[in-house]
Amino acid sequence: MSQGPGLYFDIGKKARDVLHKGYAQQPPIHFNYRFLNWNLDLSCQEELVHGLRGLFTCNIPDSGKLEIQHFSRFSGFSASIGLSGEAEKGYNPVANISGHIGTRILTLGANLACDLSGSSSARTTNNLNAGLSLNSPYLVAAATLHDNFQTLKGSCYFEVNPLTKTAIAAEVKYDLADDETTGVTVGAQHALFSWTLLKARLNNNGKVGGLIQQKFGTKFSITVAGEINLNEKAKEKFPKVGVSMALK
């Protein structure tokens with residue numbers, strides 16, 4: 001694939017990976033068995049021609065989509081159609097299109113999502129987002145507007161040591177309509193060995209999380225993540241633990 005700016009969703013991705021990836025957040029619709037909530041992620045991709053890639057992703061039972069991605073030296077575009085689940089409303093067909101332009105140093109992008117359920121007159125734009133990213137070998141800063149430009153999110157990623165994957169990241173969310181900061185999250189990661197990764201994070205609501213990811217060869221990994229809310233009362237202060245497995 002092209003070594004261009006990538007796709008819109010690459011804006012702020014390095015900070016998101018440190019702060020959120022692997023923490024086993026449960027989607028709105030999931031399977032439940034006694035005290036266990038679980039879901040299954042499936043994905044596959046294929047390069048159709050040079051610079052054009054087809055992608056299928058499915059989160060069972062929550063959502064799924066088919067996506068086409070196009071890459072060039074100074075741009076990246078994607079379009080997808082799929083189903084998105086809501087706990088009370090069931091599944092809605094949605095379409096998404098995004099564009100991303102720039103260089104390896106500075107990129108700009110926008111993303112548009114539409115709800116295709118109902119009649120053509122009732123179809124609405126669910127979300128319009130835009131963002132920019134400033135990239136250097138060790139520092140990546142990004143700013144994005146979400147929820148039809150009602151929410152501003154800023155993130156920063158700093159790579160301390162690439163050999164041990166040591167990095168720190170921070171993310172701030174600001175509600176432009178209410179003129180207030182709604183979330184601050186900081187985190188870090190460090191690889192003890194090439195096959196063992198540790199992460200930790202803390203947000204302004206008092207939630208502390210951590211995970212350990214163990215790789216077995218190049219195809220299989222297991223991640224154990226946990227989180228506890230320090231602001232809850234002692235009797236209600238129970239940690240949440242999640243386990244995820246990935247096979248590539």
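Rings of Phe, Tyr and Trp, the last taken by its six-membered ring, form an aromatic pair if their centres lie within 6.5 Å. In this predicted model, a search of the whole structure finds four such pairs. One of them joins Phe216 and Phe220, whose ring centres are 6.0 Å apart and whose planes meet at 35 degrees. Planes under 30 degrees apart count as stacked and those over 60 as edge-to-face; the pair of Phe216 and Phe220, at 35 degrees, is therefore tilted. Both partners are partly exposed: Phe216 has a relative accessible area of 48%, and Phe220 has one of 28%. A further arrangement involving an aromatic ring is found at Tyr23, where Arg201 lies over the face of the ring at 3.8 Å from its centre.

The discussion now turns to the interior. In soluble globular proteins, nonpolar side chains tend to be buried together. Here the largest nonpolar core has seven residues, namely Ala15, Val18, Leu19, Val140, Tyr157, Ala167 and Ala169. Two elements give two or more residues to this core: helix H1, spanning 13-19, and strand S12, spanning 166-175. Helix H1 gives the most, with three residues. The surroundings of one core member, Tyr157, can be followed in detail. Leaving aside neighbours within four places in sequence, Tyr157 is in contact with the core residues Ala15, Val18, Val140, Ala167 and Ala169. The contacts of Tyr157 also include Lys14, Tyr138, Leu139 and Ile168.

Not counting residues up to four places away in sequence, Gln189 touches Val18 and Ala167, together with Lys165, Thr166, Leu197, Leu198 and Lys199. With Lys165 there is also a polar contact, in which the side chain of Gln189 reaches the backbone oxygen of Lys165 at 3.0 Å. Thr164 is 25 residues from Gln189 in sequence, and the C-alpha atoms of the two are 9.2 Å apart in space.

The side chain of Asn203 reaches the backbone nitrogen of Lys207 at 3.0 Å. Beyond its neighbours within four places in sequence, Asn203 is in contact with Val184 and Thr185.

Strand S5, residues 63-71, and strand S6, residues 75-86, run antiparallel and are joined by nine bridges. Within this pairing, Ser63 has Ser84 of S6 as its bridge partner. S5 and S6 form a hairpin, with three residues between the strands. Strand S6 also pairs with strand S7, residues 90-102, through 12 bridges, again in an antiparallel arrangement. Here the bridge partner of Ile81 is Ala95 in S7. S6 and S7 likewise form a hairpin with three residues between them.

Terms used: Residues numbered from 1 in each chain as written. Predicted model: local features only at pLDDT ≥ 70, side-chain atom pairs only at ≥ 80, totals over all residues. Heavy atoms only, no water. Polar contact = N/O pair within 3.5 Å; in protein donor to acceptor, adjacent residues only side chain to side chain. Contact = heavy atoms within 4.5 Å. Core = buried A, V, L, I, M, F, W, Y, C linked by side-chain atoms within 4.5 Å. Buried < 20%, exposed > 50% of the residue type's maximum accessible area, 1.4 Å probe, protein only. Helix = DSSP H or I, 4+ residues; strand = E, 2+ residues; numbered from the N terminus. Pairing = 2+ DSSP bridges. Lys NZ or Arg CZ within 6 Å of the ring centre and 35° of its normal.
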